[in-house]
Amino acid sequence: MTTATVDLINPATEELVGTVQLTSAEGTDAAVARAHAAFPSWRDVAPGDRARLLRRFADLVDRDIEPLAELEVRNSGHTVGNARWEAGNVRDVLEYYAAAPERLFGRQIPVPGGVNLTFKEPLGVVGVIAPWNFPMPIAGWGFAPALAAGNTVLLKPAELTPLTALRLGELAREAGIPEDVFQVLPGKGTVVGQRFVEHPLVRKVVFTGSTEVGRTVLAGCAAQVKPATLELGGKSANIVFADADLATAAATAPDGAFDNAGQDCCARSRILVQRTVFDRFLELLEPAVTGFRVQDPTLSSAQMGPLISAAHREKVASYLPEGAPVAFRGSTPEGAGWWFPPTVLLPSSPTDRAVVEEIFGPVLVVLPFEDEADAVRLANDSDYGLSGSIWTQNLGRALRVARAVQSGNLSVNSHSSVRYWTPFGGYKQSGLGRELGPDALDAFTEVKNVFIAH
Ligand code: NAD
């Protein structure tokens, strides 16, 4: 049951990649009904068997890393190096949570008059709503732990990037996971996503996307007291102290901000630099930015590809009006494709739009700070709190600042945010709840307490 189709365009060439049918509201409801019907038997699959099915799914993703990556390069314009990592991340996350069914422990709690047990029970049908910026990994962070915990899953990829999600659905079936246990429903957010929120048989929503839509998802879930995990926007700070290894901090800052063409919720798009080394840092940053390789994303040398769409490029460009305080810019290929050069701004005020709003493109701002307290104040001067970096050789300062910055994922002397072994998520308007790591199963289970009288 489908209503319409969407044409998918290669962001690097503007050529048609394919056409996908959009699922209608009725089609979504029918999929929910099938997922609901499939739930009891999936829940009751023996833990070892469920684990084996997930490992088989991981093996098939591993087998297909290269075609999955190529598909993502065509559909999303990601560099082939990134796309391989993204497909590998799905494999790793499946393998990690394949260990969970056999380790979904409850507790025996001492009580008077009997025995008390807790069980972690799956919720039922889980709806996963994914964005276009990391179509594969973000889908996997939802569906892998949800399936492992015994839920059935409906995955709605973003309108612009459904192709790898559809392929992952086929691989799940090839692995032997029943069709109705994991269904991929390409479609509009306002249709399919909205039905996940409204449909009473969907018992949990995992949403990754903009803070604006996340708010409406949370409000919709509230009507049924439906739990929601939200991974939303960011405007993360990269704090560089005077005592840092400045050469490394400057050389890696473009990776921290321009990876995936800056279409990364964790982008360190605000660089805060201690005033005493501000000029020196900019001198070191300039060659790193102008030398950032924006290339045909199929080339393994490419560090950055195009933006996702013409409309998104216009939005990013709106942060660079006439007279914008551009310090320096990189370059882009000529010809077709939605290219945007890596750009560094030196805003005159911390209230500038480019400092405050998530641009979601390869544009970063650099601002000076005076001392540690000022750095923390500036870093926290944001509605967001997703990630961030701290560059210093002083271990005490690194820990003090890491504890003081209101953000879910911080790295010291690196720009690492996502490691599947560790929890990921945001403070403030960057989200609600955590994905990945050892506790992710808690987001896909209810704790049931059972008391047995002696
Ligand atoms: P978006 O909010 O426009 O869309 C995200 C998803 O929600 C899409 O699948 C869309 O179809 C769906 N959607 C739209 N309207 C809906 C509705 N009313 N009900 C239910 N679903 C609806 O975001 P986007 O432009 O695809 O992604 C970019 C945003 O995602 C950025 O703000 C970025 O920071 C954020 N993001 C956050 C994380 C994180 O982990 N925190 C990761 C990646 C992206």
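Mentor: Gladly! In strand S9 (residues 228-231), Ala-228 and Leu-230 point one way while Thr-229 and Glu-231 point the other way, and all are buried, that is, under 20% relative accessible area with a 1.4 Å probe and protein chains only. Strands here are DSSP E runs of at least two residues, helices H or I runs of at least four, numbered from the N terminus. This is a predicted model, where local features need pLDDT of at least 70 and side-chain atom pairs count only at pLDDT 80 or more, while totals for chains, interfaces and linings use all residues. Residues are numbered from 1 along each chain as its sequence is written, and side-chain values use heavy atoms, leaving out hydrogens and water.

Now to the partners of S9; strands pair if DSSP finds at least two bridges between them. S9 pairs with strand S8 (residues 202-208) in the parallel sense, over four bridges, and Ala-228 is the bridge partner of Val-205. Between S8 and S9 the chain passes through helix H8 (residues 211-222), giving a right-handed β-α-β crossover: with the strands pointing away from the viewer, the path from the first strand over the helix to the second runs clockwise. S9 also pairs with strand S17 (residues 431-432), here in the antiparallel sense and over two bridges. In that pairing, Glu-231 has Gly-431 of S17 as its bridge partner.

Technical notes:
Buried < 20%, exposed > 50% of the residue type's maximum accessible area, 1.4 Å probe, protein only.
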